[in-house]
Amino acid sequence: MSAHNIAVIGGDGIGTEVVEAGVRVLEALATVQPDLSFAFKRFDWGSDYYRRNGRMMPEDGLAQIAGADAIYFGAVGDPNLPDDITLWGLRLAICQGFDQFANVRPTRLLPGLVGPLRPELGQQIDWVIVRENSEGEYAGVGGRAHRGLPIEVGMDVAVFTRTGIERIARFACDLASGRPRKLLTVVTKSNAQRHGMVLWDEVVREVIRDYPDLTVDWMLVDAMTQRMVNKPGSIDTVLATNLHADILSDLAAALGGSLGIGSTANIDPSRHRPSMFEPIHGSAFDIMGKGIANPLGSFWTASLMLEHLGEPQAARTLMNAIEVVTSRREHLSPDLGGSANTAEVTDAIIAALKGDNS
């Protein structure tokens, strides 16, 4: 039995809390799942590391984690540091450095949870949002000039390449083809952004010709928000740009009950480099150290990581445990209307795992 080597980067705020809870759960899962084993290596990178070293991670940081089977990441962001320093210095440095161009964010209303939508609508939520993760609005191209003067200017240039669009479109089509409904919604804003987004539309249309079994529809990003609220059952797999999917996936998590349950996989489909898995809730400094952070997003993220590592049975076992706990509603964190702390939710998941060896 070989261990899966996992690089653990807690990062900032509640990131360290929920990732360590996730490590506990994975270790417990290994005790009940035959032939499953992990070797965790922790890296103390993040804002505190920046204060000590002037960098969010070492210069050779990517080389240090390149040999991992996967990266388990908590959060990045510190109210006392500029967001562009923290984000570009760690999370985006890893995503772009390892070309993790496919960002996958599933959303379901888990059993027992109550979202803001009417029950008959909330129960229809079963989505996967595929986010282009390497270019678009977050390509990092741009700059500032005439600093401090009345004519000061700042520019960010959204970058869309044929290769970048084609590969994420094909990834989304493959994913949608493997889901029962075979339904793909492509999000755009080409009515207003007439260069990059028009190229996006053209290339995606070229790719979907190779997938005749898919049902494909198109939505402007602003219209997509109301569709998610008013007609959630009409959506299955969603393909969107870096910025659009970032926004829509936060809305999706909120409609699923809380941002605290959101999960993410940052995938390098070539598997030449490790992929990174993170909950989407951010560093949440307002609740850091209080012990009340919701760890379910971290656990759902761990399930995505297990799928990627070729452990589908373990992934299903973990998701089953999550659903058992949410359905009972006895151990829910405050953001889900309960009063359980992080440790109590974690203990409940571990108890459910030990009661389900299937």
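**Exercise 1. Is Phe-160 buried or exposed, and what is its relative accessible area?**

Keep in mind that you're working on a predicted model.

*Solution.* 
- Start with the cut-off: buried means under 20% relative accessible area.
- Phe-160 has a relative accessible area of 14%, so Phe-160 is buried.

**Exercise 2. Work out which kind of aromatic pair Phe-160 and Trp-200 form.**

*Solution.* 
- What do you need? A pair of aromatic rings is described by the distance of the centres and the angle of the planes.
- Here the centres of Phe-160 and Trp-200 are 6.4 Å apart and the planes sit at 70°.
- Rings pair if their centres lie within 6.5 Å, and planes over 60 degrees apart count as edge-to-face.
- So the Phe-160 and Trp-200 pair is edge-to-face.
- Now place the partners: Phe-160 is in the loop between strand E7 (153-159) and helix H6 (162-177), while Trp-200 belongs to helix H7 (residues 196-208). They are 40 residues apart, and the pair links distant parts of the chain.
- Trp-200 is buried too, with a relative accessible area of 1%.

**Exercise 3. Find how many aromatic pairs the structure holds, and describe the one between Phe-38 and Phe-40.**

*Solution.* 
- The count is 3 aromatic pairs.
- Phe-38 and Phe-40 are stacked, at 5.6 Å centre to centre with 25° between the planes.
- Both Phe-38 and Phe-40 are buried.

**Exercise 4. Check the length of helix H9 (residues 242-255), then see where its buried residues point.**

*Solution.* 
- At 1.5 Å a residue, the 14 residues of H9 should span 20 Å.
- The end C-alpha atoms of H9 are 20 Å apart, which agrees.
- Next, pick out buried residues of H9: among them are His-244, Leu-248, Ala-252 and Leu-255.
- Looking down the axis of H9, the buried residues fall within an arc of 155°, so they line one face of the helix.
- One last thing to spot: just after H9, Gly-257 takes a positive phi of about 130°.

**Exercise 5. Decide how enclosed strand E11 (residues 263-267) is, and name its partner strands.**

*Solution.* 
- 5 of the 5 residues of E11 are buried, so the strand is largely enclosed by the rest of the structure.
- On one flank of the pairing list, E4 (residues 102-108) runs antiparallel to E11, joined by 3 bridges. Asn-103 stands opposite Asn-266 here.
- E12 (residues 275-279) is also antiparallel to E11, through 4 bridges, with Ser-263 opposite Pro-279.

Conventions: Residues are numbered from 1 along each chain as its sequence is written. This is a predicted model: local features need pLDDT of at least 70, side-chain atom pairs count only at pLDDT 80 or more; totals for chains, interfaces and linings use all residues. Side-chain values use heavy atoms; hydrogens and water are left out. Buried means under 20% relative accessible area, exposed over 50%, partly exposed in between (1.4 Å probe, protein chains only). Helices (H or I, at least four residues) and strands (E, at least two) are DSSP runs, numbered from the N terminus. Two strands pair if DSSP finds at least two bridges between them. The expected span of a helix is 1.5 Å times one less than its number of residues. The arc is that of the directions from the helix axis to the C-beta atoms. Rings of Phe, Tyr and Trp (its six-membered ring) pair if their centres lie within 6.5 Å; planes under 30 degrees apart count as stacked, over 60 as edge-to-face and the rest as tilted.
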